Amino acid sequence: PAQDLRGLPDRVTTSLVELFKLLADETRLRTLFLLQQRSELNVRSLCQLLSQSQPAVSHHLAQLRGAGLIEMRRDGKHNFYRLVPKRFEELMGMMFAVYPSDGNQIRFDDYVLSYSQAGHQQ
């Protein structure tokens, strides 16, 4: 379906604002980066890597989990967290869908922001 090119649909705008607010926090951004580097990490490991207390890290993890960016599994006394790639794909797809004539690219002066799924050629 054709998008209104004057702006993002309200649903997309709301989702992207929430995403960018989450990513604007250094601890959450570092957490996502660490989880991207490893298949999963438990809370204790994240606390050590981030040099933060367990309550602080747990608070950030709860926010990321609430947004659907990460998921948790329990193993004994430990909670392990991992990324949810499908959620990132969904969010990037929403953002780039409003620019159908440019494919998966948004241009800013001399810079191009592009998105492609792994294993797919543009």
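Mentor: T31 has a relative accessibility of 2%, so T31 counts as buried. Buried is under 20% relative accessible area, exposed is over 50%, and partly exposed is in between, using a 1.4 Å probe and protein chains only. This is a predicted model: local features need pLDDT of at least 70, side-chain atom pairs count only at pLDDT 80 or more, and totals for chains, interfaces and linings use all residues. Residues are numbered from 1 along each chain as its sequence is written, and side-chain values use heavy atoms, leaving out hydrogens and water.

Trainee: Where is T31 found, and what is T31 in contact with beyond its sequence neighbours?

Mentor: T31 belongs to helix 2. Helices (H or I, at least four residues) and strands (E, at least two) are DSSP runs, numbered from the N terminus. Contact means heavy atoms within 4.5 Å. Setting aside neighbours within four places in sequence, T31 touches L46, L50, L61 and L64.

Trainee: And T27: buried or exposed?

Mentor: T27 has 10% relative accessibility, so T27 is also classed as buried. Helix 2, where T27 is found, covers residues 26–37. With neighbours within four places in sequence left out, T27 is in contact with L50, Q52 and H60. L50 is on the list for T27 and on the list for T31.

Trainee: Let's zoom out. How many helices and strands are there in the chain?

Mentor: The chain has five helices and five strands. Reading from the N terminus, the order is α-α-β-α-α-β-β-α-β-β. The chain has 122 residues, and 28% of them count as buried. Take the contacts with a separation of 6 or more: 40% of them are between residues 24 or more positions apart.

Trainee: Now helix packing. At what angle do the axes of helix 2 and helix 4 cross?

Mentor: Axes are lines fitted to C-alpha atoms, for helices over the stretch in contact, and angles run from 0 to 180 degrees between N-to-C directions. Here the axes of helix 2 and helix 4 cross at roughly 70 degrees and come within 10 Å. That makes the two helices roughly perpendicular. The angle classes are roughly parallel (under 35 degrees), roughly antiparallel (over 145), roughly perpendicular (65 to 115) and oblique (the rest).

Trainee: Which residues in helix 2 and helix 4 meet?

Mentor: From helix 2 come T27, R28, T31 and L32, and they meet H60, L61, Q63 and L64 of helix 4. Sorted by class, this contact has three nonpolar, four polar and one charged residues. Ala, Val, Leu, Ile, Met, Phe, Trp, Tyr, Cys and Pro count as nonpolar, Asp, Glu, Lys and Arg as charged, and the others, Gly among them, as polar. Our two threonines, T27 and T31, are part of this contact.

Trainee: How do helix 3 and helix 4 pack?

Mentor: Helix 3 (residues 43–50) and helix 4 (residues 54–66) pack at about 105 degrees, and their axes are 9 Å apart. Helix 3 and helix 4 are therefore roughly perpendicular as well. On the helix 3 side you'll find V43, L46, C47 and L50, which meet Q54, V57, S58 and L61 in helix 4. The contact has six nonpolar, two polar and no charged residues.

Trainee: What lines the largest pocket?

Mentor: A pocket is an open set of points on a 1 Å grid over the protein atoms alone where a 1.4 Å probe fits, with protein on both sides within 12 Å along at least five of seven lines; lining residues have an atom within 4 Å of a point. The lining of the largest pocket is L23, L29, L32, F33, Q36, L83, P85, F88 and E89. By class, that's seven nonpolar, one polar and one charged. Helix 2 gives the largest share, four residues, while helix 2 and helix 5 (85–97) each supply at least two.

Trainee: How far apart are R38 and L83 in sequence and in space?

Mentor: They're 45 residues apart in sequence and 9.4 Å apart in space, C-alpha to C-alpha. R38 is in the loop between helix 2 and strand 1 (41–42), and counts as partly exposed because its relative accessibility is 38%. At 42% relative accessibility, D75 is partly exposed.
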